[in-house]
Amino acid sequence: MQLYLPIAELPLNLFLLLGMGGAIGFISGMFGVGGGFLLTPLLIFVGVPAPVAVASSSVHIAASSVTGALTYWRRGALDLKLGLVLVAGGLIGTLLGVAFFNQMRKLGYLDLIISFSYVTLLMFVGCLMIVESLDSLLKRHRGKVMAARRPGDHRWYEHLPFKMRFSRSKMSTSLIPLVILGSIIGFVGTVLGIGGGFLVVPALIYLFRVPTAIVVGTSLFQILATMLVATFLHAVYSQAVDILLALTLVTGGVIGAQFGARTGQTLKGEEFRLLLALLILSVGIRFSIDIVIEPADHFAINATELER
Amino acid sequence: MRRFFALFLLFAASPAVAEDLVLTLSTREVAITSTYTGADITVFGLIERDANTIARAGGYDIVVEVRGPAGDVVVQKKDRLGPIWLTTARKRFSKVPLFSAILSARPLAEITDEATRGRLKLGLVHFLPEPAPDDQSPLAEREAAAFRDALIRLRRIDQAALILDNSVTMVRPNLFSAKIPLPATAPTGLYLVHVSVLSGGVPLKTVQAGFVVRKVGFDAFIANAARNDAALYGLVTLLMAISLGWMANAIFRRD
């Protein structure tokens with residue numbers, strides 16, 4: 001059944017959109033990532049103009065994270081305090097990102113350098129996580145018990161000033177590294193047009209040793225706050241939000257996110273980290289293909305600048 | 001404009017040869033609704049002759065050109081820099097028809113020679129604005145030509161520029177129809193249709209018609225709201241996202 005999308009200005013199959021929204025929603029609910037890094041290219045692939053794809057994905061991400069975050073919230077697996085600190089950091093990062101983005105456009109190829117370093121980072125994080133999670137899976141298999149975090153065990157950056165206690169995440173740490181983390185996510189998200197969920201999740205797990213279930217819920221909360229703002233800004237400034245496209249994607253997405261959040265909570269920590277690592281690695285590979293492989297056609301029409 | 005003037009002079013000098021061309025389109029307005037998946041617009045035409053019109057040995061050739069609303073298109077080129085491929089050059093083409101099509105019964109090259117095609121501006125390349133005269137070095141010209149070729153090639157791949165050399169049907173020797181397959185992605189706005197009649201490679205007459213593509217009903221409402229009440233539209237979208245997210249949570253809730 002074809003449905004004409006009034007802002008994207010093309011007809012697409014209704015069930016294709018529902019299915020796409022559902023699949024990405026599942027991943028979002030399960031891993032606490034937004035899924036925009038998958039949904040946006042998928043939409044562009046089926047013919048949606050790039051600005052509409054980016055803007056309408058943000059609605060989908062907002063809705064999936066509402067439903068996911070609520071599920072985690074009900075189970076007490078959402079650290080609101082930690083989430084708010086990350087959001088505050090994200091706000092700083094977004095502002096820096098917008099300023100940087102406008103400067104960068106004048107300078108030229110800096111965006112590619114950022115993509116390149118970002119890809120390297122993703123691959124690096126993905127590989128490290130695969131090694132670590134396989135290692136702990138093996139150890140568990142051999143019957144060794146992993147040492148849980150001990151109360152007095154702190155890393156150097158957690159000793160910095162402005163200490164705060166996050167009881168739900170079972171940690172007390174300095175605000176400085178958390179705000180910096182939030183800023184980096186906000187910055188990367190703004191410059192590259194992707195949410196930073198898949199950087200937040202491993203960072204909270206490995207750098208701050210927050211329990212996995214709480215990481216996912218908190219990450220979803222942070223994504224939700226970011227995407228609500230992003231959607232509104234897209235609607236006002238680029239006017240590229242297609243409400244019909246968003247509605248179909250969201251309908252699939254919220255259902256997918258429910259199942260995703262359930263499935264995610266049944267996974268063991270190591271399994272979760274291994275799957276997330278594979279996801280991060282595949283995203284890294286996808287982005288690197290774009291810039292490392294010789295394009296079949298050296299010329300391309302820059303769809304983002306096509307004026308209607 | 002100059003083309004019509006030249007033709008006018010030609011015919012004014014020799015009224016005896018004048019064939020006339022009468023056109024009608026199957027529709028003057030293509031309405032985009034929620035179920036829109038593109039449209040076919042048929043051009044019907046009659047070549048009128050009178051007793052004074054000279055006999056044409058080879059029959060008539062019809063060329064239909066369709067030009068949609070214009071806009072800017074940016075073509076970019078990637079080159080290798082170390083291990084990565086990056087965009088090294090961009091070229092902005094302004095006033096490019098965002099949809100264009102040329103319909104005929106046989107390839108344009110068989111209908112008339114290159115000089116006439118150039119004079120009549122038949123062919124996709126003539127739909128592009130002339131290159132800027134500011135930089136005329138051979139290297140820059142070759143580069144510019146590469147970009148123009150790429151633009152036409154990519155637009156054809158995207159179905160935004162069509163060359164259909166078997167889409168004009170001669171129903172009778174002087175009666176024809178041509179079907180313009182307008183893809184769903186063709187932009188909204190005014191479309192101009194130029195129909196030229198040629199015989200033996202000589203252009204005889206060109207007539208213009210047009211149609212409009214526009215959103216109606218719900219789709220027009222949404223498009224207007226997104227443009228004119230952007231903030232309200234944004235808020236409604238957010239409200240929809242949040243309430244659907246909340247609803248899914250409430251429905252699937254087990255505890």
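Leaving aside its neighbours within four places in sequence, which residues is S183(A) in contact with? With contact meaning heavy atoms within 4.5 Å, S183(A) is in contact with G89(A), G90(A), I92(A) and G93(A). S183(A) is found in helix 6 (residues 175-192) of chain A, where helices (H or I, at least four residues) and strands (E, at least two) are DSSP runs numbered from the N terminus. S183(A) is buried, with a relative accessible area of 15%, given that buried means under 20% relative accessible area, exposed over 50% and partly exposed in between (1.4 Å probe, protein chains only).

The structure is a predicted model, in which local features need pLDDT of at least 70 and side-chain atom pairs count only at pLDDT 80 or more, while totals for chains, interfaces and linings use all residues. Residues are numbered from 1 along each chain as its sequence is written, chains are lettered from A and ligands numbered from 1 in the order in which they are written, and side-chain values use heavy atoms, with hydrogens and water left out.

**The interface of chain A and chain B**

The size of an interface is often given as the accessible area lost when the parts come together. Here chain A and chain B bury about 5,200 Å² between them, and 65% of that area is on carbon and sulfur atoms; buried area is the accessible area (1.4 Å probe) that two parts lose on being put together, summed over both. Of the area that chain A buries against chain B, 14% is supplied by Y4(A), F299(A) and I301(A), more than by any other three residues. The contact takes 53 residues from chain A and 61 residues from chain B.

Across this interface the rule finds 14 residue pairs in polar contact, both residues being at pLDDT 80 or more. A polar contact is a pair of N or O atoms within 3.5 Å; within protein, one must be able to donate a hydrogen and the other to accept it, and residues adjacent in sequence count only if both atoms are side-chain atoms. Among the elements that give two or more residues to the side of chain A that touches chain B are strand 1 (2-5), strand 2 (10-13) and strand 5 (299-301) of chain A, while the largest share, 11 residues, comes from helix 9 of chain A. The residues on this side divide into 34 nonpolar, 9 polar and 10 charged, where Ala, Val, Leu, Ile, Met, Phe, Trp, Tyr, Cys and Pro count as nonpolar, Asp, Glu, Lys and Arg as charged, and the others, Gly among them, as polar.

Strand pairing also crosses between the chains. Strand 5 of chain A and strand 5 (residues 70-81) of chain B pair in the antiparallel sense over 3 bridges, two strands being paired if DSSP finds at least two bridges between them. In this pairing A300(A) stands opposite Q76(B).

**Salt bridges**

A salt bridge is a side-chain nitrogen of Lys or Arg within 4 Å of a carboxyl oxygen of Asp or Glu. The structure holds 13 salt bridges over all chains, and the rule finds 2 across the interface of chain A and chain B. The table gives some of them.

| Salt bridge | N to O distance |
|---|---|
| R153(B) and D297(A) | 2.5 Å |
| K215(B) and E9(A) | 2.7 Å |
| E19(B) and R49(B) | 3.5 Å |
| E65(B) and R67(B) | 4.0 Å |

K215(B) counts as buried at 14% relative accessibility, and E9(A) counts as buried at 10%.

Within chain B, E19(B) counts as buried at 3% relative accessibility, whereas R49(B) counts as partly exposed at 37%. E65(B) is buried, with a relative accessible area of 1%, whereas R67(B) is partly exposed, with a relative accessible area of 23%.

**Strands of chain B**

Chain B has 6 helices and 12 strands, and 46% of its 255 residues count as buried. Strand 12 (residues 202-215) of chain B runs parallel to strand 2 (residues 29-32) of chain B, to which 4 bridges join it, and E29(B) stands opposite V212(B). Strand 12 of chain B also pairs with strand 11 (residues 189-199) of chain B in the antiparallel sense over 11 bridges, with S199(B) opposite V202(B). Strand 11 and strand 12 of chain B form a hairpin with 2 residues between them, and G200(B) in the turn has a positive phi of about 60 degrees.
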